[in-house]
Amino acid sequence: MNLNDFFQSSSELFASNAKKGLYTEKLSFKAGNEYLVRLLPYVKEGRAGYHKSIFHFYQYSWRSIKDGRWTYVLSPRTYGEACPITEYYFKVKNSGNEALFKDMDKRLSYKESWYYNVYVVNDPVNPENNGKVKILQAGRQLQNIIEEACSDDPKKKEKFVEEFDVEDMRKAIFDLSAEGINLNINAEPQGDFTSYKSSTFVRRKRDLGLSEADIDEILQQTHDLTAIERNMEVSELEKLFMTTFLGANPDAAPKVTPTPRTSVANMDPIPSFTREETKPETTSSPEPTEVELNELEAYLSGQTVNLD
């Protein structure tokens with residue numbers, strides 16, 4: 001390869017290096033503003049891919065003790081599989097070592113989220129997003145609003161039918177035509193956090209002025225939401241957690257892989273995880289005791305948490 005060939009291809013080289021994945025397509029919300037979006041179905045794979053219109057996932061994050069950077073991982077619970085981090089959390093919680101648990105609870109963060117493709121009708125902070133397909137990461141508050149609109153409860157269905165004059169609310173919130181309904185995302189400041197409880201579906205700007213050709217083109221711009229977060233092998237996840245969170249040598253330390261009989265498909269959200277930053281306490285403690293499956297499930301079944 002001569003230099004002329006190299007420089008001819010250099011633009012593609014730098015373009016590929018500049019790509020940061022689908023994270024750059026995620027909408028960001030600034031407290032004190034309202035955003036108007038229309039949810040989009042994923043139709044690029046036909047009926048077989050409709051389930052990709054929503055991606056429900058669980059995520060752990062922590063600051064690496066090696067370099068101080070935030071580490072984000074997709075929990076295997078996302079796919080109904082046992083998670084070594086979840087099991088380790090409850091081993092420590094039930095070990096009776098309060099200092100060790102307090103340290104872990106402050107350093108380890110947990111989040112349940114839902115991804116949606118959305119057509120941006122109005123972004124007051126970043127107007128360049130208007131008219132584009134972006135990715136909405138919904139927490140529990142926004143998800144509750146969406147789920148209520150899609151409820152099978154006769155009273156709730158009747159309420160939305162009367163309010164929006166639609167036959168099927170589930171269809172309307174994913175419809176780009178003039179029959180569709182917009183989601184107004186209200187980002188309200190609430191102390192150090194942002195609340196989305198006041199968000200709601202609204203009647204305004206139902207007709208987006210889009211032709212059938214426009215709608216088809218927009219739907220072809222939707223993203224495969226399952227491809228945003230990397231799904232690690234359990235062994236790789238375990239090694240990463242041991243080295244960057246526990247500071248252990250994965251080749252020498254005891255494994256934290258869950259036992260085969262542990263099922264987490266129906267686990268409730270894990271409580272009390274925060275992003276508070278503290279220096280780890282130095283403790284000398286015995287190895288956490290093994291948690292019996294029935295105790296773990298009994299504990300989990302009683303948990304409730306606001307993840308927003």
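Visitor: What makes Asp103 count as buried?
Guide: In this predicted model, local features need pLDDT of at least 70, side-chain atom pairs count only at pLDDT 80 or more, and totals for chains, interfaces and linings use all residues. Asp103 has a relative accessibility of 10%, and buried means under 20% relative accessible area, exposed over 50% and partly exposed in between (1.4 Å probe, protein chains only), so Asp103 counts as buried. Residues are numbered from 1 along each chain as its sequence is written, and side-chain values use heavy atoms, with hydrogens and water left out.

Visitor: How do you know that Asp103 and Arg107 meet in a salt bridge?
Guide: The N to O separation for Asp103 and Arg107 is 3.3 Å, and a salt bridge is a side-chain nitrogen of Lys or Arg within 4 Å of a carboxyl oxygen of Asp or Glu, so the pair qualifies. Arg107 is buried as well, with a relative accessible area of 14%. Asp103 and Arg107 are 4 residues apart in helix H3 (residues 98-107), which means that about one helical turn separates them; helices (H or I, at least four residues) and strands (E, at least two) are DSSP runs, numbered from the N terminus.

Visitor: What makes Arg107 a charge over the face of Phe245?
Guide: Arg107 lies over that face at 4.0 Å from the ring centre, and a charge sits over a ring if NZ of Lys or CZ of Arg is within 6 Å of the ring centre and within 35 degrees of the ring normal. Arg77 lies over the face of Tyr58, at 4.3 Å from the ring centre.

Visitor: Why is the contact of Lys159 with Glu148 called a salt bridge?
Guide: The closest N and O atoms of Lys159 and Glu148 are 3.9 Å apart, which by the salt-bridge definition is a passing value. Lys159 lies in helix H5 and Glu148 in helix H4, so this pair ties together parts that are 11 residues apart in sequence. Lys159, at 41% relative accessibility, counts as partly exposed, and Glu148 is partly exposed with a relative accessible area of 31%.

Visitor: How many aromatic pairs does the ring rule give?
Guide: The count comes to 16 aromatic pairs. The rings of Phe29 and Tyr196 have their centres 5.9 Å apart and their planes at 70°; rings of Phe, Tyr and Trp (its six-membered ring) pair if their centres lie within 6.5 Å, and planes under 30 degrees apart count as stacked, over 60 as edge-to-face and the rest as tilted, so this pair is edge-to-face. Phe29 lies in the loop between helix H1 (3-18) and E1, and Tyr196 in the loop between strand E7 (193-195) and strand E8 (200-202), so the pair ties together parts that are 167 residues apart in sequence. Both Phe29 and Tyr196 are buried. Ring pairs also link Phe55, Phe57, Tyr79 and Tyr115 into a cluster.

Visitor: How do you know that strand E4 pairs with E1, E2 and E5?
Guide: Two strands pair if DSSP finds at least two bridges between them. Strand E4 (residues 109-122) is joined to E1 (residues 33-40) over 5 bridges, to E2 (residues 54-63) over 8 bridges and to E5 (residues 133-138) over 6 bridges, with the antiparallel sense in each case. In E4, Trp114 is the bridge partner of His56, and the bridge partner of Trp114 in E5 is Ala138. Strand E4 is mostly covered, as 12 of its 14 residues are buried.

Visitor: Why is Asn122 called partly exposed?
Guide: Asn122 has a relative accessible area of 29%, a value between the cut-offs for buried and exposed, and therefore counts as partly exposed. Asn122 is in strand E4 and touches Glu34, Tyr35, Leu36 and Asn130, not counting residues up to four places away in sequence, where contact means heavy atoms within 4.5 Å.
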